[in-house]
Amino acid sequence: MEWQPDILGTGFEACTFEAAGADGVRRTATLVRFRPAAEQAVLSPGPRRTVLFLHGWSDYFFNVDLARFWARNGYAFYALDMHNHGRSLRPGTPGGYVGNLADYDAEIDQALAIIRADTAQAEHPTGADAGHTTDPVDGGDNTEPDLTLMGHSTGGLVAALWVSSHPGRASHLVLNSPWLEMHGSALVRYAASTMVGPVARFRPEAVLRLPERGFYWRTISKSADGEWALDDKFRPPMAFPLRAGWLSAILAGQAKVARGLEIDIPILVMLSRGSATGPFWSEEMRRSDAVLDVNIIALRALTLGRSITVERVEGALHDVFLSPAKVREDAYARLSRWLRGYGASDPGHTGPGHGA
């Protein structure tokens, strides 16, 4: 793979690749890596620990402070812009669309193959194993470098389903406001499935005409009331059009979560203390999750596996790590504590790191 300078600037590089899913369709994805200056990283003895971040729907990776945090805790940081999102968007493709969440599996597998080769190259730049990798699609060694999979919102749902269906591939799972259930209760999901199912079967890319709200974007974008520089082509203020096949895929994934995933690795679920998801703007949206019902997500998190920590962060936004500075500081401290407690971090390296 050829790494190119990334849109995030110094220290960040990206490579774009294609991966063929189980349906034979080749889809474009983009892997981003962070190669910090020596003073920004902590090098751990032995094989390098890695983290792979999966973004949410209508989103892409842009949080440089998150990458710096992981680097300062001894991790090689990578993020995947999945197909039809962010850096992987292509003209004429439906932004944000996926018809089956398992369609992401091939690009996650391919990204991990690239990461294995990349970490081997970094650890043995002149050795016999430099650049070696085995494509998981073709069979062979799928052993990952000590892997933490991290997902936000829809990416959290995708991450949980991937870990469940690929046991032994990841050592830790970190979920940032994962979209594990619809608002209210499972009854809402059942009703939505009944209504959207026929449309999804016959016209999967049909756009569902639902109210558009940009409240969450308003709280995070520097173009509005937030502090983050967002590319509106990659992260539209009103999100991408909501399509029937996409919603059906989400509902099917949430149904699997509700039945229980039996994940056997430590799981951290980070959420805001409260939700503010009404149809009209309110100031409470500046210190709450304006997208999900965090109480039902907290309950649904208990179906993920057998070792689950739920952290409720006071004043957090939907993406906990895009919250105001003092709230982010609290969130990073909680993540650091969990990593130390579960043997995934060196003691003493806490906080969001340089520049956060």
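The largest pocket of this predicted model holds about 1,300 Å³ of space, where a pocket is an open set of points on a 1 Å grid over the protein atoms alone, with protein on both sides within 12 Å along at least five of seven lines. Grid points are joined across faces, edges and corners, and a volume is the space filled by probe spheres set on the points. The model being predicted, local features need pLDDT of at least 70 and side-chain atom pairs count only at pLDDT 80 or more, while totals for chains, interfaces and linings use all residues. Residues are numbered from 1 along each chain as its sequence is written, and side-chain values use heavy atoms, with hydrogens and water left out.

Lining residues, defined as those with an atom within 4 Å of a point, number 41 for the largest pocket, and Trp57, Leu210, Pro211, Arg213 and Leu242 lie nearest its centre. Two or more residues of this lining come from each of helix 4 (186-202), helix 5 (215-220) and helix 6, helices being DSSP runs of H or I with at least four residues, numbered from the N terminus. Helix 4 gives the largest share of the lining, five residues. By class, the lining of the largest pocket has 27 nonpolar, nine polar and five charged residues; here Ala, Val, Leu, Ile, Met, Phe, Trp, Tyr, Cys and Pro count as nonpolar, Asp, Glu, Lys and Arg as charged, and the others, Gly among them, as polar.

There are also two cavities of 30 Å³ or more, a cavity being a set of points where a 1.4 Å probe fits but cannot get out.

| Cavity | Volume | Lining by class |
|---|---|---|
| Largest | about 100 Å³ | seven nonpolar, three polar, two charged |

The lining of the largest cavity includes Phe53, His55, Asp59, Tyr60, Phe61 and Phe62, together with Asn176, Asp319, Phe321 and Leu322. His55 also lines the second largest cavity, along with Gly56, Trp57, Met82, His85, Tyr104, Thr154 and Trp246.

Turning to helix packing, helix 4 and helix 6 meet at an angle of about 140°, with their axes 9 Å apart; axes are lines fitted to C-alpha atoms, for helices over the stretch in contact, and angles run from 0 to 180 degrees between N-to-C directions. The two helices are therefore oblique to each other, since angles under 35 degrees count as roughly parallel, over 145 as roughly antiparallel, 65 to 115 as roughly perpendicular and the rest as oblique. In contact, that is with heavy atoms within 4.5 Å, are Arg189, Ala192, Ser193, Val196, Val199 and Ala200 of helix 4 and Ala244, Gly245, Leu247, Ser248, Leu251, Gln254, Ala255 and Ala258 of helix 6. This contact of helix 4 with helix 6 comprises nine nonpolar, four polar and one charged residues.

Helix 6 (residues 244-259) also packs on helix 3 (residues 154-165), their axes coming within 10 Å and crossing at roughly 50°, so helix 3 and helix 6 are oblique to each other. Helix 3 passes helix 6 in a left-handed crossing, where Thr154, Leu157 and Leu161 of helix 3 meet Ile250, Gly253, Gln254, Lys256 and Val257 of helix 6.

For helix 1 (residues 64-72) and helix 8 (residues 325-341), the axes come within 12 Å and cross at roughly 30°, which makes helix 1 roughly parallel to helix 8. Helix 1 passes helix 8 in a right-handed crossing, with Asp65, Leu66, Phe69 and Trp70 of helix 1 in contact with Tyr332, Leu335, Ser336 and Leu339 of helix 8.

Key. Left-handed = near helix turned anticlockwise from the far one by under 90°.
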